[in-house]
Every structure is written in C-alpha cells, then in structure tokens.
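Thanks for coming, everyone. Please have the sequence and the model open while I talk.

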Amino acid sequence: MEDIQVNVSQEGVTIPRARKKISDKWIPYLVMAPGLLITIGVLYPFVLAIYDSLTDLSFNSPTVAFVGLQNYVDMFRSPSFFHSIYVTVAYAVITTALELIVGVAMALILHRMTWTAHLFQSLFILPLMVSTAIATLLWRLMTNPTYGIYTRFLDIFGIHHFPWANSPRTALLTVVLVDAWVYIPFVILIVLAGLKSLPPAPFEAARIDGGSFWFTFRRLTLPLLRPILIIVTLFRLMDGLQQFTIIYAMTAGGPGDALMNIPNLAYEHGFLYLTFGPSLAYLVLLWVLVFIVSRLLVAYWNRIRMQEAEGE
Amino acid sequence: MSKVLAAGFRVVVLIVYTLFSVFPLFYMILNSFKSDADTFTTFVVFRPTLDNYRAVFGDGTFVHALGNTLVVSALAVAVALVVGVPTAYALARFTFKGREDIAFTILSFRFAPGLLIAMPLYVIYQHIGLFDSVLGLVWVYQLIALPLIVWVLRSYFEGVSIEVEQAAHVDGYTRLGAFWKIVLPLIRPGLVASALLAFIFCWNEFTFPLVLAGANVPMVTVQSLNFFSSNVIHYGQLCSAALISALPEFILALLIQRHLVRGLSLGTIKG
C-alpha cells in the first residue's frame, strides 16, 4: 500500500517504480538509525557482561584472566546460590499470585460501581507512582519493630513486638507487603480496562439466565480476560524475579541471608567483595531464567490471540 | 439474602483495601508535619510544625539531589523522544526485514535485569570518565524511557489510519511534512502521556544511580537511604522528603490517567 503511495511525488509526477523501490528499502533503517545506535550501545554492555562472567574480573586485583565456565561451576556448587534461587522464585510467585488475586477482585468490585469507581481509581494509582525505593523506606518507618505504627497497631490485637523485617521468619512477608502496596494498583488498572472492553452481550445473556456470580466469573469473565491476565502476569513475574530495590532498601538481603535473592546476592558479590566475574555469572543466569519465562508467556499469549482471531 | 451478603462482602473488601492503600500516604503526610517528639506519642492530634520541611530544604544535599533528578529525568526523556518517535513511527508504518526482532530487542530492555547492564557499564564508565555524571545517567536511563516511548507510540501510530497520511500526500505534503503536520498532532495526547510516564519512571529509578552515580550527581531515591544511616532516624524529615519527591508524580499521574493503561502495559493493552 505504501509503495504505491510514495510513487506520487509532490508535483504529481510518477517516479519510475524500480528506482524508487531501492531507496525505499533503506528509509525505515535510516529513520530508525538513532534508535538502533542506542540499541547497540545498550547491547554492548550486555555482551560484555556475558564475557566478563567468564573472567575473574575483580577490583581486588589489577589483572583479569579468562577462566571459562569456572564462575558457573562455582555458582552451582555454592549453597548460597541455591538459597538465592529459592528466595527469588518464592518472592516472584508469592507477590504475583497475591497481586493478581487482590487486583482482580478489586477490579471486579470497581467495575460494578458507577461514578465512585473513578474516584477510587484515582486514589489507588497513587502508590504505583511512588518510587519503590521511597515506598520501601516509608514502610520501614511504619514497620519499625519498636516504634512503627503498624507494630503499635498489632499491639492492640495482642500481638506484641512483631519483628517484621528484623526476623527471618517475617522478613519475606514484610517485603511482599511493600511490593503488593505498590503494584496491586497496576493489576487493578489493567484488569479494569480489560473488563470494560469485554463484549456486553454474553454477560447480558448470563444475567437473564440467572447465572450465579461464580458461574459467570469462571465461564465468561475469566476466559475472556485471559490475554490481559497473561500480560499482567508477565509484567509482575518479570519484575518480581529481578526485584532488587525493595529488598535492598528494606534489609539489603538480610537478616542473615533471609531475603538474599539473585540480584541482591550479585550486588553483594560485586560491590562488597568486589568480585565482578562471579557476580555477573549470577545475573546472566537470572537473565536466562527471565528470558525463558517471558518467552513461554508470550508464546501462550500469542496462541490465545490466534485462537480468538480464528473464533471470530 | 445471598445478594445482601455478597454486597456486604464487596463493601468490606473495598474498605480494607482502601485502608491498606491510602493509610501509608496519610501517614506520610501527617508525619511530615510532626516534630520528632510527637512522632511516637501522638496519632492525629498534635501540634503541626514546618520544621521538617525547613530541615530538608535547609540541608543543601536534598535540594541538590532534587535538582539533579529533575535534570537527568528530563534530559533522558528528551533524548528518548528524539530517538524514539521516529523509531516508533518506522516500526508502525513500514514493513521491513527484522522489524519484529528490532521491536522485541527494544522491549527486552524493559525486562533485562538492571544490574546485568549496570555492572559492566560501571567498569566502562570508570574508564571513559562517565561515572557519576549527568551524561552517564541519561545514557543508561534510555533503558527505561526508550522501550516505553517506542512501544506505546508505536501503538498510537498504528491507530492513525493510513488513509489520513495518503490524503496528506495528495494534498501536497511530503512524507516528512505529513508526519510533522498531520500525524504527530493526531497522537499528541498519547505522546505527552508517554513522555510524562517515562519521566515518572526515570524519576523513580534506583538501581542505576546506586551503581553508576555518587556524590557528584546524587539522585533523590538513593539519597533518601541516608535518612537511615545515622543512629537517629528522623521520621518527620524522611516523610517530608518522600512527600516532596512523590507530589509531582501524583499530579502528573492524575493528568495522564486516561492514558495510563496503555502506557503501563507498553502499548499491549489499548485501555
């Protein structure tokens, strides 16, 4: 369509098709040249990261030697690495599940409301706009085990000295709450938009037939929302797997190694022990994990959209 | 009966979530006006004071960080717009080899572990003198701003029908003229919204400045950690600093609310 288009020049004179086509081929690349330049500029450190993960790059020694897969071998022999995988996956799965359940429930509730929905929505998006670092510091004040307002609040219910982030047993709960506070609004906002875009006819029919809430939700809402739920899951799972800021600002991985997920372990190895090589090996593995999960979800998303396109 | 029960359940969930969501903001505002003495002994009844704001603004480091965050975020978005708008247009309007590969490479910035890029950059920046500089941060912030601008604007460009452009060509516009005078004004609301959202994300970034900046170019998010580094934590000061850094974002977010869904989902959901 566009090929025909550019054959008409300003004066309305038709330029010979063949000649114009050759230069046409380069137009998109020329238009994108600055964008491609930045892309390459960003890919360079990424490639360098993979190379550096095969070296003993360290600020403790001025020389750098190629060590092959040694960092990866060490990594798989280290118990702290397996622990960090466990923390990483637990954090990602728990936050994603919690945020999806609460977010979808809240979106369903707001969807039924009329003019007040907008008011609540405006209120709910505010935590999403606060920097996660600042949000975590705010929660650190509120969950201070001695003075925090939430600690004093639990006192009223007879739960005294709740340790929050100070105890390995409750630390994960504390950071999960911060993550949920910031990101549930993301789920609400997107699922609500999805609900509004659903065709009204099947819901009307279900209502006339007297279908229960659960029946409508499981047989209609959930299947129709599936593409949107996959996107939301993709975003939350990706962020959860590589969440650095919330954990770092809360305890930097502590107490002990209770919250030491892969990004925080890598940061500790890189900037505390100054060993960049092993640290980058951790991050490359995290990237592989993230890449596989995202590819699976995107493939699933594409398949569902195909099915829907065929169904129409 | 079950209908009443269901309605009651919904109201309870709504109230509980609203408290969960709004209380920390309420707490932040309240405490920013509280003296340290009142912090632990009072709740809503106290003698309001502006001392915290005086302390935060009186201390040059916070103002310096605030100014820097503003400059770096604004410059990063400006660069992302100059580079991203043509890229988004090309990805939306042309069919060419490797189109989806390029689009997905740019998208993958959003999903790459920040430290994986930041740590090699740290070594590079030390060598070429970009460590702890505005330019160094603006460069790495493209990882945040560019995928957002490109993917969101691509979806807006796709929403402009090709006939509009063809009509412009017939009217004697050049390709560039049609883009500048016809297409760009059509997507302006989306353009403004995605630029502001990119600005918010840059403003909020923590990992990159933590690794790649120091005392020279302090950023608000990293700077705020210092409130915890001394023995005495000044609750009120942290709350006022948090409020000051969050307030511009609240205003911007409410201004672009209609476009938030498309922006936050990087254009995958139209909203």
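**The interface and its salt bridges**

Let me start with the interface. About 8200 Å² is buried between chain B and chain A, and carbon and sulfur atoms give 79% of that area. Buried area here is the accessible area, taken with a 1.4 Å probe, that two parts lose on being put together, summed over both. The size of an interface is often given this way, as the accessible area lost when the parts come together.

A word on the basis. This is a predicted model, where local features need pLDDT of at least 70, side-chain atom pairs count only at pLDDT 80 or more, and totals for chains, interfaces and linings use all residues. Residues are numbered from 1 along each chain as its sequence is written, chains are lettered from A and ligands numbered from 1 in the order in which they are written, and side-chain values use heavy atoms, with hydrogens and water left out.

How confident is the predictor in the complex? What ipTM and pTM does it give? The ipTM is 0.92 and the pTM is 0.90. For chain B, the average pLDDT is 90, and 99% of the residues score at least 70. pLDDT is the predictor's confidence in each residue, from 0 to 100. Among the elements of chain B, helix α2 (residues 36-39) has the lowest mean, 80, and helix α12 (residues 207-212) the highest, 95. Helices are DSSP runs of H or I, at least four residues, and strands are runs of E, at least two, numbered from the N terminus.

Back to the interface. Chain B puts 87 residues into the contact, and chain A puts in 92 residues. Contact means heavy atoms within 4.5 Å. How many salt bridges are there between chain B and chain A? The count is one. A:Asp239 and B:Arg110 make that salt bridge through their side chains, at 3.2 Å from N to O. The rule asks for a side-chain nitrogen of Lys or Arg within 4 Å of a carboxyl oxygen of Asp or Glu.

Polar contacts next. Nine residue pairs are in polar contact across the interface of chain B and chain A, both residues at pLDDT 80 or more. A polar contact is a pair of N or O atoms within 3.5 Å; within protein, one must be able to donate a hydrogen and the other to accept it, and residues adjacent in sequence count only if both atoms are side-chain atoms. On the side of chain B that touches chain A, helix α1 (residues 2-32) of chain B gives the largest share, 13 residues. By class, that side has 60 nonpolar, 20 polar and seven charged residues. Nonpolar covers Ala, Val, Leu, Ile, Met, Phe, Trp, Tyr, Cys and Pro; charged covers Asp, Glu, Lys and Arg; the others, Gly among them, are polar.

A:Thr39 sits in helix α2 (residues 17-52) of chain A. Leaving out residues up to four places away in sequence, A:Thr39 touches B:Thr105, B:Ile106 and B:Phe109. A:Thr39 is buried, at 6% relative accessible area. Buried means under 20%, exposed over 50%, partly exposed in between, with a 1.4 Å probe and protein chains only.

Now salt bridges over all chains. The whole structure has 10. B:Arg154 pairs with B:Glu100, the closest N and O atoms being 2.8 Å apart. B:Arg154 is in helix α8 (residues 142-159) of chain B and B:Glu100 in helix α5 (residues 99-111) of chain B, so this pair ties together parts 54 residues apart in sequence. B:Arg154 is buried at 7%. A network of salt bridges with shared partners joins A:Glu99, A:Asp179, A:Arg236, A:Asp239 and B:Arg110. B:Glu100 also meets B:Arg99, at 3.2 Å from N to O. B:Glu100 is partly exposed at 34%, and B:Arg99 is partly exposed at 21%.

Last, the backbone. Which peptide bond is cis? The bond from A:Gly254 to A:Pro255, with omega near -5°. A:Pro255 is in the loop between α12 (245-250) and α13 (262-271) of chain A. A:Ala252 is found in the loop between α12 and α13 of chain A. A:Ala252 is not a glycine, yet its phi is positive, about 55°. A:Ala252 is partly exposed, at 35% relative accessibility. B:Leu266 has a positive phi near 55°, and at 2% relative accessibility B:Leu266 is buried.
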